[in-house]
Amino acid sequence: MSKKCYVIVEEYDEDGGFGDAIPTETPVKVFNKKEDAEKYVNENNKPEIYDRPYDDLYAGGCHYIELDIE
């Protein structure tokens with residue numbers, strides 16, 4: 001049986017400079033319990049769309065990724 005870790009990933013769009021939004025994700029935190037990761041996501045997942053004259057920019061979302069540790 002392998003152990004698992006849970007990586008919290010923040011989601012946001014970067015302004016591509018040509019009227020486009022580039023979806024971006026950044027790992028920010030790691031938990032060794034799934035319950036802790038789910039709690040963090042529930043408390044911190046606050047997506048927001050920023051108005052722009054071209055494409056909308058998105059920020060504030062997060063999710064977790066489950067990884068095996070051997």
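This is a predicted model: local features need pLDDT of at least 70, side-chain atom pairs count only at pLDDT 80 or more; totals for chains, interfaces and linings use all residues.
Aromatic rings make a friendly starting point. A pair of such rings is described by how far apart the centres are and by the angle of the planes. Two aromatic pairs are found in the structure. Tyr6 belongs to strand S1 (residues 3-15) and Tyr64 to strand S4 (residues 57-69), so the pair ties together parts that are 58 residues apart in sequence. The two partners can also be described by their accessibility. Tyr6 has a relative accessibility of 9% and counts as buried, whereas Tyr64, at 24%, is partly exposed.

The other pair joins Phe31 and Tyr40. Here the ring centres are 5.8 Å apart and the planes stand at 50°, so the pair is tilted. Phe31 counts as buried at 18% relative accessibility, and Tyr40 counts as buried at 19%. Both values can be read against the cut-off, because buried means under 20% relative accessible area.

Tyr40 leads on to helix H1, which spans residues 34-44 and has Ala37, Tyr40 and Val41 as its buried residues. These residues cover an arc of only 95° around the axis, which puts them on the same side of H1. An α-helix has 3.6 residues a turn, so residues three or four places apart point the same way. On the other side of H1, the exposed residues are Glu35, Lys39 and Asn42. What do the buried residues of H1 pack against? Their packing partners are S1, strand S2 (21-31) and S4.

Strand S1 also contains Ile8, a buried residue with a relative accessible area of 0%. Once neighbours within four places in sequence are left aside, the contacts of Ile8 include Ala37, Tyr40 and Val41, which are the buried residues of H1. Ile8 also touches Phe31 and Tyr64, as well as Thr26, Pro27, Val28, Lys29, Cys62 and His63.

Terms used:
Residues are numbered from 1 along each chain as its sequence is written. Side-chain values use heavy atoms; hydrogens and water are left out. Rings of Phe, Tyr and Trp (its six-membered ring) pair if their centres lie within 6.5 Å; planes under 30 degrees apart count as stacked, over 60 as edge-to-face and the rest as tilted. Helices (H or I, at least four residues) and strands (E, at least two) are DSSP runs, numbered from the N terminus. Buried means under 20% relative accessible area, exposed over 50%, partly exposed in between (1.4 Å probe, protein chains only). The arc is that of the directions from the helix axis to the C-beta atoms. Contact means heavy atoms within 4.5 Å.
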